[in-house]
Amino acid sequence: MPSFDIMSEVDQPSLRNAVTVANSKIAGRHDFKGTSANVELGDKLITLFGDSDFQLDQMKAILLPEMTKKSVDVRCLDYGDVQKISGNKVKQEVKVRVGVDQDLAKKIVKLIKDSKLKVQAAIQGDAVRVSGAKRDVLQEAIALVKKQITDFPLQFGNFRD
């Protein structure tokens with residue numbers, strides 16, 4: 001039975017490369033000289049360090065185009081609150097959302113069931129598996145999900161006949 005998976009993944013090497021390039025651009029800018037402006041990449045977390053909120057905004061203006069150049073979808077970012085740390089320094093944590101969370105998975109399954117397409121959708125971990133009798137129906141399901149879910153980056157893979 002033909003099937004495919006709906007998932008959300010981020011290319012980690014491309015993300016790491018974008019952060020490295022952004023850090024080198026920040027180090028080279030004259031308005032950041034002598035400041036603590038820095039971007040750190042954790043496992044699924046990007047941390048922006050700066051001297052003010054304005055600097056954090058400037059750093060985002062450098063980082064986001066670099067991510068876009070490296071084909072990393074910026075819709076996967078979840079911005080946290082700006083936190084004050086020692087002295088007048090600030091930091092902001094940005095979570096990199098990987099995988100389809102339960103709420104979105106339930107929304108996708110409901111969307112597919114309500115569409116009356118002859119396919120079955122099931123949540124499997126952090127992905128949604130969609131299976132049906134014909135490839136054409138699966139392609140209609142992909143088109144439906146692409147049209148309805150626009151606020152989160154989704155990939156459609158593992159297509160099997």
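**Entry 1: S1, S7 and the sheet around them**

I looked up Ser 3 and found it opposite Ser 131 in S7. Strand S1 (residues 3-7) and S7 pair in the antiparallel sense, with four bridges between them; pairing takes at least two DSSP bridges. Strands (E, at least two residues) and helices (H or I, at least four) are DSSP runs, numbered from the N terminus. The model is predicted, with local features needing pLDDT of at least 70 and side-chain atom pairs pLDDT 80 or more, while totals for chains, interfaces and linings use all residues. Residues are numbered from 1 along each chain as its sequence is written, and side-chain values use heavy atoms, without hydrogens and water.

I then listed the sheet that holds this pair. Four strands make an open sheet in the order S6-S7-S1-S8, and the pairing is antiparallel. On average, neighbouring strands here are turned by 20° against each other, direction ignored. Axes are lines fitted to C-alpha atoms (for helices over the stretch in contact), and angles run from 0 to 180 degrees between N-to-C directions.

Which strands does H3 touch? H3 packs on this sheet with contacts to S1, S6 and S7, contact being heavy atoms within 4.5 Å. The direction of H3 makes about 170° with that of S6. Helix H4 (residues 135-148) also packs on the sheet and touches S1, S6, S7 and S8. Against S8, the direction of H4 makes about 170°.

**Entry 2: the S6-S7 hairpin**

I checked the other partner of S7. S6 and strand S7 (residues 127-132) are joined by six bridges in the antiparallel sense. Ala 122 has Arg 129 in S7 as its bridge partner. The two strands form a hairpin with two residues between them. Gly 125 sits in the turn, with a positive phi of about 65°.

**Entry 3: the sheet with S2 to S5**

Here I found an open sheet of four strands, ordered S2-S3-S5-S4 and paired antiparallel. Its edge strands are S2 (38-41) and S4 (77-84), each pairing on one side only. S2 runs antiparallel to strand S3 (residues 45-50), and four bridges join them. I picked out Val 39, and its bridge partner in S3 is Leu 48.

Helix H1 (residues 12-28) packs on the sheet and touches S2, S3 and strand S5 (90-96). The direction of H1 makes about 165° with that of S2. Helix H2 (residues 53-69) lies across S2, S3, S4 and S5. H2 runs at about 140° to S3.

I searched for residues other than glycine with a positive phi. Lys 116 has phi near 65°. Where does Lys 116 lie? Lys 116 is in the loop between helix H3 (102-114) and strand S6 (119-124). Because its relative accessibility is 70%, Lys 116 counts as exposed; exposed means over 50% relative accessible area, buried under 20% and partly exposed in between (1.4 Å probe, protein chains only).

Asn 158 also came up, with phi near 60°. I located Asn 158 in strand S8 (residues 155-160). With a relative accessibility of 37%, Asn 158 counts as partly exposed.
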